[in-house]
Amino acid sequence: MKHKIVSPTVLFALSAIFFPLAAAETGKPNVVFIFIDDMGYGDIGPFGSTKNKTPNLDRMAAEGMKLTDFYVSATACTPSRAALMTGCYADRISMDGRVCFPGEARGLNPEETTIAEMLKAQGYATGCFGKWHLGDMPQLMPLNHGFDEYEGIPYSNDMWVHLQKRDFPPLPWMKQDKAVAHIPDAPSQALLIDAITNATVDFIKRKKDEAFFVYMPHAAVHLPRLVKKEEGDRADGDATRAQVEAVDASVGRVLETLRELGIAENTLVFFTSDNGPAAGLSPAPLRGGKGGPRYEGNMRMPTLAWWPGKIPAGSVCSEIGRSIDIFPTLAKLCGGEVPTDRIIDGKDISSLLTNPDAKSPHSELYYEYEGIRQGNWKLVKIRKASRLFDLATDIGEQTDIAAKHPEKVAELEKLLVEHKAKVTSARRPAGAVANAKPILTEPGDLPSLAEYMGEANLKTVGTIYKTPPKKK
Ligand SMILES: [Ca+2]
């Protein structure tokens, strides 16, 4: 049994299990958090893309808020997700560094408290639909981290049989704790966006009369990028553009479902990405990409928040917000409790969403241990050397002004060293599971996801291999 934090709201939570109340009746908002994989700052219309057509995200921004200075806490899937789920730096909970692999013993520690557990204690129905990637052993999966329902892939869609030079087990499509299909082919990859959206919409429809939390981590736009032929055709055969546009359509379906059910005004929807852009995607006008040095484009994400009637329509927030702030922010908005028996790094930024004059609680922002922002000063470490930029005049981090401002460099370096010392001196362990093994060793009689969805003959556009396009 997992340790549960005893709270005065337990009675309420228990009563909510037997007498579920719609969000409108409880005064607590529903929450849908949409987390895209590897999408860059410049990939959607509201953030300046002219290549990708994203009418649904354009509308979401027009009806809600664009957050221009919202950051994730890491530059790869696993640490970024661990930080979001717990409100803690990935390093704090030993989920930094490399990503989780199939059948690995390591994952998000069940002793940590996730957003789902925090909201479940408040009577929320909780669902996770999409790519988890915080450990694939049962003890580490969503059902043991506060989610009532789970459907999706347990780790990245490139950890599959077609990734050359690696011997991966069959990639399962999970429903609750069982593999119900697997992903061996292009049609199954091309259906991931639909499958995740179908599960999300179905959950929202079933839970419309309760307060609910949906975590929707899309597998897109991570390589391999495969799309349905009609999606590819609409994007002139460009599978990357087609995937971004399919993600846009998915967001449109979710928002339309909320409108049709009459619960839009009581639902907070976030849209952001888990790290900087992978090959073929865009950080514009920022510098950076997935992994690599901590330039803005590596960790500043295209972020939207939508809550009709609560978040001012067409608003722009340029205050610093962080993915680790989502946990305490939702605790504030939904009446939940932030654990007090351990360090939680995130801070409540709920006022930024509803008050145009609100200021960020962050005087400094840290890019893991490789960078720091203070106001418009940005220091980034490149092979141990410090580069300094003025983001007010140089958002693309092109002109290093470290030599002109040695005192600012010294001040920021000192803060960065102190930050690292503070986090590393109070790290908690990752989860570790004995006798870890892959979920599937052979597909056996399992259908492919395409067969499972009745689309075995689906035509696709894109390539099944991971090999990224050559840089121009
Ligand atoms: Ca990612």
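Visitor: Which way do the residues of strand β12 point, and are they buried or exposed?

Guide: This is a predicted model. In β12, residues 303-306, T303 and A305 point one way while L304 and W306 point the other way, and all are buried. In a regular strand the side chains alternate between the two faces of the sheet.

Visitor: What pairs with β12?

Guide: Strand β2 (residues 65-67) runs antiparallel to β12, joined by three bridges. Strand β11 (residues 267-273) also pairs with β12 in the antiparallel sense, over three bridges.

Visitor: OK, switching to helix α3. Which residues are buried?

Guide: N56, L57, M60 and A61 in α3, which spans residues 55-63. They sit on the same side of α3 because they cover an arc of only 140 degrees around the axis.

Visitor: And what's on the other side of α3?

Guide: P55 and A62 are there, and they are exposed.

Visitor: What covers the buried residues of α3?

Guide: The cover includes β12 again, along with β2, β11 and α9 (239-260).

Visitor: New topic: how many residues are in the largest nonpolar core?

Guide: It has 130 residues, and I34, V214, M216 and A305 have the most contacts inside it. Helix α9 gives the most to this core, with nine residues.

Visitor: What does V214 touch?

Guide: Leaving out residues up to four places away in sequence, V214 touches V32, G127, F129, T200, F203 and I204.

Key: Residues numbered from 1 in each chain as written. Predicted model: local features only at pLDDT ≥ 70, side-chain atom pairs only at ≥ 80, totals over all residues. Buried ≥ 20, exposed ≤ 12 C-beta atoms within 10 Å, placed from the backbone. Helix = DSSP H or I, 4+ residues; strand = E, 2+ residues; numbered from the N terminus. Pairing = 2+ DSSP bridges. Arc of directions from axis to C-beta. Contact = placed C-beta atoms within 7 Å. Core = buried A, V, L, I, M, F, W, Y, C linked by C-beta atoms within 7 Å.
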